[in-house]
There are 2 protein chains.
Amino acid sequence: MSTAQPPPGASRPGGRTARTRQAVLDAVFEELGEGGYAALTMEGVARRSGVHVATIYRRWRSVEGLVCELMADLSGGIPLPDTGTLRGDLRALARSIAAFYTEPRYCGLLEAVVSAAARQPEAADVLRQFFDQRLRLAGSMVPRAAARGELPEGADPDEVVAALGAPFYYRLLIARRPVDIRLADRAAEAAWVAARAGVFAPAAGTADGVRDGTDAVRDAAGSVRDASGSVGDTADPA
Amino acid sequence: MSTAQPPPGASRPGGRTARTRQAVLDAVFEELGEGGYAALTMEGVARRSGVHVATIYRRWRSVEGLVCELMADLSGGIPLPDTGTLRGDLRALARSIAAFYTEPRYCGLLEAVVSAAARQPEAADVLRQFFDQRLRLAGSMVPRAAARGELPEGADPDEVVAALGAPFYYRLLIARRPVDIRLADRAAEAAWVAARAGVFAPAAGTADGVRDGTDAVRDAAGSVRDASGSVGDTADPA
DNA sequence: GACCTAACGCGAGATGACTCGCGTTAGCGT
DNA sequence: ACGCTAACGCGAGTCATCTCGCGTTAGGTC
């Protein structure tokens, strides 16, 4: 978070520019901690950082821009677990994520980025790229596990890590409740069981190619398979 | 969506009031379809609906208010699948959700509600209550399955349904890509496998009480269990 | 150490979101 | 059919957000 790397084309990367940048981003982070995205205003950031409002507008254009750059700052160095087993890796990663989002400032940042992405296409790009990178990095645990024979062949690393992370974002953004360690362990366990069962293997289209260790896999297949083409219509399920 | 129920205390529920209400909410819905939440402005809604801006402000206060009422309108009548097996129910529900969010207007509504919740506590309440109700309704498939002996005892219905839904919201809000039927089938299969393995049983704290049909459940336990208390600290995992 | 200029501070001005008061319309009771 | 009043249309007014131009500061360069 403190790797204040100057923008590539900056003609004056040293001293003051970097200083104001850091002051502003720190202020954004603090503001997000108190009151979340709702309380994040340009005036507030200016007041807290001591940088003039016009300067902030010049460099970042909007609160969305601020939030994007703050998030992009986080992309350095994910500590990738390597416990020796996929199950251990998944649990360790899940607990790291839980610890991360226990911090209110990071919760606020998540809300802010998701909200920003809903308003500005550029913010959406930043968000997508950030999480794509995270998936790619964390996904390295999957081929390791496959090499150890822990998983059926062809498990998609992105899918496994996405399955691990999804419950956190559901909890925070949809259910709107805090994360806890029980959520982390359940998420890790669910991802592990599903991965082991071959749910995340390519397996062409529907999940009928699933191999799992249990019996009774084949019930219920007939009654829903005929609904294959129903995704296109606009039926209202709610 | 068309059950224009008048507000409880409304002293004049008929005719014009309901008409303008419907016109406005329809306009919001359409605006969300074109350009999403970014393009949702009071002026736009007023222009499209033919209702004056001041009137919309009077009744709904803000765009967040509009979005909340539109979402609350959706709460009527979730079609609950009942295919005879939990696996079939999960897949049917997942495909319904996929179909739902294939419609751009509902995607926009989701984005809008999540964004609104990040700004207004009341919107957050509406969002939470809405999804709580959805979980409660859809969760009925779980005790049915338990009664048929498809699941280990004590599986938490909310957890099962949340696990089913989470991948959709991850895909839409975080990965920022469209949902498809493959996602639906994978989500259903993952939720089913995990539920069957006992991941969503209460099982006191950590997930060590898991019973699954596979072997090798017990590797990896030692190396991460000691990290139990690490959620409280503010370590930065990203 | 002296020059050059990108970046910043500052205040005035423009833009758009939001509110208010009044006259009018139309649902609802009698 | 008549009157009552909640809800709406309308335009002016207010306020916060955002931009612009100029003078100043301080990095970078020779």
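## Briefing: pockets, core and confidence

The second largest pocket has a volume of about 380 Å³. Its lining takes in 20 residues, and the closest to its centre are B:Cys107, B:Gly108, B:Glu111, B:Leu172 and B:Arg176. The model is predicted. Mean pLDDT for chain A is 83.

**Second largest pocket**

- Both chains contribute: α6 (104-119) of chain A, and α5 (86-102) and α6 (104-119) of chain B, each give two or more residues to the lining.
- The most comes from α6(B), with 5 residues.
- By class, the lining of the second largest pocket splits into 11 nonpolar, 5 polar and 4 charged residues.

**Largest pocket**

- The volume of the largest pocket is about 830 Å³.
- Its lining has 40 residues. Closest to the centre are A:Ala166, A:Pro167, B:Ala163, B:Ala166 and B:Pro167.
- From chain A, α7 (121-138), α9 (157-175) and α10 each give two or more residues to this lining.
- The lining of the largest pocket holds 27 nonpolar and 13 charged residues, with no polar ones.

**Arg176 in both chains**

- B:Arg176, one of the residues closest to the centre of the second largest pocket, is in the loop between α9 and α10 of chain B.
- B:Arg176 is not a glycine, yet its phi is positive, at about 60°.
- Most residues other than glycine have a negative phi.
- B:Arg176 counts as buried because its relative accessible area is 14%, under the 20% cut-off.
- A:Arg176 sits in the loop between α9 and α10 of chain A. Its phi is also positive, near 60°.
- With a relative accessible area of 15%, A:Arg176 falls under 20% and is therefore buried.

**Nonpolar core**

- The largest nonpolar core has 153 residues.
- Within this core, A:Tyr101, A:Phe168, B:Tyr101 and B:Phe168 touch the most other members.
- Setting aside residues up to four places away in sequence, A:Tyr101 touches A:Tyr106, A:Cys107, A:Leu110, A:Phe131, A:Tyr169, A:Leu172 and A:Val179.

**A:Phe200: a buried loop residue**

- A:Phe200 lies in the chain A loop between α10 (181-196) and α11 (221-225).
- Is A:Phe200 buried or exposed? Its relative accessible area is 5%, so it is buried.
- Which residues does A:Phe200 contact, leaving aside neighbours within four places in sequence? In chain A they are A:Gly154, A:Ala155, A:Asp156, A:Glu159, A:Val160, A:Ala163, A:Ala191, A:Ala194 and A:Ala195. In chain B they are B:Arg186 and B:Ala190.
- A:Phe200 and A:Pro152 are 48 residues apart in sequence. Their C-alpha atoms are 9.4 Å apart in space.

**Confidence in chain A**

- Of the residues of chain A, 77% reach a pLDDT of 70 or more.
- Residues 1-9 of chain A have a pLDDT below 50. Beyond near neighbours in sequence, this stretch makes 9 contacts in the model.
- Residues 204-238 of chain A are also below 50. This stretch has 70 contacts in the model beyond near neighbours in sequence.
- Where pLDDT is low, the predicted coordinates should not be read in detail.

Conventions. Residues numbered from 1 in each chain as written. Chains lettered and ligands numbered in written order. Predicted model: local features only at pLDDT ≥ 70, side-chain atom pairs only at ≥ 80, totals over all residues. Heavy atoms only, no water. Core = buried A, V, L, I, M, F, W, Y, C linked by side-chain atoms within 4.5 Å. Buried < 20%, exposed > 50% of the residue type's maximum accessible area, 1.4 Å probe, protein only. Contact = heavy atoms within 4.5 Å. Helix = DSSP H or I, 4+ residues; strand = E, 2+ residues; numbered from the N terminus. pLDDT = per-residue confidence, 0-100. 1 Å grid on protein atoms, 1.4 Å probe; cavity = no way out; pocket = protein on both sides within 12 Å on 5 of 7 lines; lining within 4 Å. Points joined across faces, edges and corners; volume = space filled by probe spheres on them. Nonpolar A, V, L, I, M, F, W, Y, C, P; charged D, E, K, R; others polar.
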